[in-house]
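Take a guided walk through one protein model. Keep the sequence and the 3D view side by side as you read.

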Amino acid sequence: MKRIGTLLLLAVFIAIAWSRVDPEEAPHHYNYKQASQQMRRIYYGELQETLYCGCRYQDKKHVDFSSCDFAPRDNPKRKSFKRAKSIEWEHMVTAHNMGQHLPCWRDGGRKNCSANDTTFKLMEGDLHNLYPAIGEVNGDRNNFMYSQWTNNPEPMYGKCKTIVDFKLKKAQPREEARGIIARAYFYMEKTYGVNLSKQDRKLFEAWDKMYPVTEKECERDRRIFKVQGDHNPFVYEKCKQ
């Protein structure tokens, strides 16, 4: 009974901590932990869906698989299978991509950079680069770079059209996510100097043209501005047109 009571108190504490977000807080940049607490100020209503599969979700622990015909990959013994039931905040430009050239990364990887490097903290918590994703897909994408290698992807997660090639270490996002991803990369390059290879730049420039800014993406940019205080110019300029 004592253990049950302790667990209940812990659950209440977590719920209170999760809800402790001031909607009127002055906009500014956050570290990753703080940014995670701000996500509900951005992803609500029509924006409350995942990047890679377009799944609706109620909160971080309740994903509506039926809204997107999602199904976890076979093999329930895998660790990532458990992550299919939860929402995680995906870095489109991965932490590895952001930090690998920094001295802090060479001295201790992401953990060291998150604790000790001011620039990395800003990159890691930048809301323009964060998007809700089903944990399993986020985990499978890993640090893989985005690519496009087939027009007829064989679904891996039910009917979700995002696929991952584990042997070649690359991920092909569904069409609806490609423009969003491209413009996030352009923003991170302009703001923090994140490197883009010639091949990646060519791909993202093509995605930017093929998958133009939507009203949802404009609304996401407006909400991020209210929380973080800046726009993604590669989105904002097109929203004004």
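The paragraphs below move from the core to the strands, then to the charged side chains.

This is a predicted model. Start with its largest nonpolar core, which has 56 residues. Within this core, Phe 70, Tyr 146, Ile 181 and Phe 204 touch the most other members. Several elements each supply at least two residues, among them β3, β4, α9, α10 and α11. Helix α9 gives the most, with 9 residues.

Now zoom in on Tyr 146.

Next, find strand β3, residues 87-91. How many of its 5 residues are buried? The count is 5 of 5. In a regular strand, side chains alternate between the two faces of the sheet. In β3, Ile 87, Trp 89 and His 91 point one way. Glu 88 and Glu 90 point the other way. The partner of β3 is β4, and the two pair in the antiparallel sense over 5 bridges. Across this pairing, His 91 stands opposite Leu 130 in β4.

Another sheet lies elsewhere in the chain. Its 3 strands run in the order β5-β7-β6, and the sheet is open with mixed pairing. The edge strands are β5 (145-146) and β6 (163-165), and each pairs on one side only. Strand β7 spans residues 170-172 and pairs with β5 in the parallel sense over 2 bridges. There, Met 145 stands opposite Lys 170 in β7.

Turn to charge. Side chains of opposite charge can pair when their charged atoms come close. The model holds 14 salt bridges. One of them joins Arg 83 to Glu 88, with the closest N and O atoms 2.7 Å apart. Arg 83 counts as partly exposed because its relative accessibility is 28%. Glu 88 has 17% relative accessibility, so it counts as buried.

A second salt bridge links Asp 208 and Arg 183, at 2.7 Å from N to O. Asp 208 lies in helix α10 and Arg 183 in helix α9, so the pair ties together parts that are 25 residues apart in sequence. Are these two residues buried or exposed? Both Asp 208 and Arg 183 are buried.

Lys 240 counts as exposed because its relative accessibility is 51%. Glu 237 has a relative accessible area of 40%, so it is partly exposed. Shared partners also build a network of salt bridges, which joins Arg 183, Asp 208, Glu 217 and Lys 238.

End at Arg 220, in helix α11 (residues 215-228). Arg 220 is buried, yet it has no salt bridge. Which side chain of opposite charge is nearest to Arg 220? It is Glu 217, 5.7 Å away. A salt bridge needs the side-chain nitrogen and the carboxyl oxygen within 4 Å. Arg 220 does have a polar contact of 2.6 Å with the side chain of Tyr 43. Beyond four places in sequence, Arg 220 also touches other residues, including Ile 42, Leu 47, Met 92, Leu 127, His 128 and Leu 130.

Definitions and conventions
Residues are numbered from 1 along each chain as its sequence is written. This is a predicted model: local features need pLDDT of at least 70, side-chain atom pairs count only at pLDDT 80 or more; totals for chains, interfaces and linings use all residues. Side-chain values use heavy atoms; hydrogens and water are left out. Helices (H or I, at least four residues) and strands (E, at least two) are DSSP runs, numbered from the N terminus. Buried means under 20% relative accessible area, exposed over 50%, partly exposed in between (1.4 Å probe, protein chains only). Lys and Arg count as positive and Asp and Glu as negative; His and the chain ends are not counted. A polar contact is a pair of N or O atoms within 3.5 Å; within protein, one must be able to donate a hydrogen and the other to accept it, and residues adjacent in sequence count only if both atoms are side-chain atoms. Contact means heavy atoms within 4.5 Å. A nonpolar core is a set of buried Ala, Val, Leu, Ile, Met, Phe, Trp, Tyr and Cys residues joined through side-chain atoms within 4.5 Å. Two strands pair if DSSP finds at least two bridges between them.
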